[in-house]
Amino acid sequence: ILKQFRTVKKNISIPVFSLVSPDSKGYYHWIIEELPKLKYFEKFIRPYEKNVKILIDANIPKWKIETLRLLGYTYPSDFLHHDDQGVNYSDFIYCSPIYYNSRSAFNRKALIWLKNKMLKKIKDKEKPVKQVKRIYITRSDAKSKKIINKIELIKELKKYGFKIYKLSSMNFIKKIKLFYQAEIIVGSHGAGLLHSLFSKNCKIIELFSEGKKPNMYHALSIIFKNSYSSIVCKNSLKRNCKDIYVNIKKLLNIIKN
């Protein structure tokens, strides 16, 4: 409550369209929940508001800039960084959330718009890369949700033609190309699988730990006509450890069928 009465240190008089939310700094939330709002900005706001700026978080990472440029925006001239230390916006435009009831009930049209616009930009300017059909997304650099039997898992996947990728070492365009070309994608539940929105006619296999099983990537698969399967994996016996043990036989049966 006290934050609502903080001293105003800055006044912004130009119109701003906000892509700032409690979750907008997160990778998944930025791409799935914030960027699709630009579809409605371009249709309902930009044609009627002169000198409008898009409001984004301060100190944005390189990957955010990549996503904005793929949508045809010029950074930094099209944007204004939000300062949360007491700012008064005289003309603040906010788009309501583009998911419905839950974060796995997506705005289909907005996500398709996002996909098509980014793919067109890449096809127009980027050279093709070597096609990879079968992809395993490793979380070897993650702090949690690692695969306990990863050595055995990778050994078996390679027998079936899988290539191993660590998404954190790739730029955004390379990630899009990778998922766009794939026929089968295997990965643990996490933000990396959101790139499946750039896939089509692809088999998505998601690995879960025991417990809650979110369904956002199943929902994305329906929208973008990918098949979807999941495996609930046994948790580590160590206390407060979220690492998992994959049933390799079960996974290979899904891959083969």
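**Reading rings and strands**

Modeller: Start with Phe41, which counts as buried because its relative accessibility is 1%. Keep in mind that this is a predicted model.

Colleague: Is Tyr73 buried or exposed?

Modeller: Tyr73 has 3% relative accessibility, so Tyr73 counts as buried. The cut-off for that label is under 20%.

Colleague: How many aromatic pairs does the whole structure hold?

Modeller: A search finds nine. Let us read one of them. The general idea is that two numbers describe a pair of aromatic rings: the distance between centres and the angle between planes. For Phe41 and Tyr73 the centres are 6.4 Å apart and the planes meet at 45 degrees, so this pair is tilted. Stacked would need under 30 degrees, edge-to-face over 60.

Colleague: Where do Phe41 and Tyr73 sit in the chain?

Modeller: Phe41 belongs to helix 2, residues 38-45. Tyr73 is in the loop between helix 3 (62-70) and strand 4 (79-81).

Colleague: What follows helix 3, and which of its residues are buried?

Modeller: Gly72 follows helix 3, with a positive phi near 90 degrees. The buried residues of the helix are Lys64, Ile65, Glu66, Thr67, Leu68 and Leu70.

Colleague: Lys64 is on that buried list. Which ring does Lys64 lie over?

Modeller: Lys64 lies over the face of Trp30, 4.3 Å from the ring centre. Lys39 gives another case: its charged end sits over the ring of Tyr40, at 5.7 Å from the centre.

Colleague: Now the strands. How do I read a sheet?

Modeller: The general idea is that strands pair through backbone hydrogen bonds, parallel or antiparallel. Here an open sheet of six strands runs in the order 8-7-9-10-11-12, with mixed pairing.

Colleague: Which strands stand at the edges?

Modeller: Strand 8 and strand 12 (244-245) do. Each has a single partner strand, so one side of each lacks a neighbour in the sheet.

Colleague: In what sense does strand 7 pair with strand 9 and with strand 8?

Modeller: Strand 7 (residues 134-137) pairs in the parallel sense with strand 9 (residues 184-188), over four bridges. Arg134 stands opposite Ile184 there. Strand 7 is also parallel to strand 8 (residues 163-165), over three bridges. In that pairing, Ile137 faces Tyr165.

Colleague: What unit do strand 7, helix 5 and strand 8 make?

Modeller: They make a right-handed β-α-β unit, with helix 5 spanning residues 150-159.

Colleague: How do strand 11 and strand 12 run?

Modeller: They run antiparallel, and two bridges join them. Strand 11 covers residues 227-235. Lys234 has Tyr245 of strand 12 as its bridge partner.

Colleague: Which strands does helix 7 lie across?

Modeller: Helix 7 (residues 216-223) lies across strand 10 (203-209) and strand 11. Relative to strand 11, the helix runs at about 165 degrees.

Colleague: Zoom out. How many helices and strands does the chain have?

Modeller: Eight helices and 12 strands. The C-alpha atoms fill a box of roughly 60 × 45 × 30 Å along the principal axes. Of the 257 residues, 47% are buried.

Colleague: What share of the contacts between residues at least 6 apart joins residues at least 24 apart?

Modeller: The share is 72%.

Methods:
Residues numbered from 1 in each chain as written. Predicted model: local features only at pLDDT ≥ 70, side-chain atom pairs only at ≥ 80, totals over all residues. Heavy atoms only, no water. Phe/Tyr/Trp six-rings, centres within 6.5 Å; stacked < 30°, edge-to-face > 60°. Buried < 20%, exposed > 50% of the residue type's maximum accessible area, 1.4 Å probe, protein only. Lys NZ or Arg CZ within 6 Å of the ring centre and 35° of its normal. Pairing = 2+ DSSP bridges. Right-handed = clockwise from strand over helix to strand, strands pointing away. Contact = heavy atoms within 4.5 Å. Axes fitted to C-alpha atoms, helices over the stretch in contact; angles between N-to-C directions.
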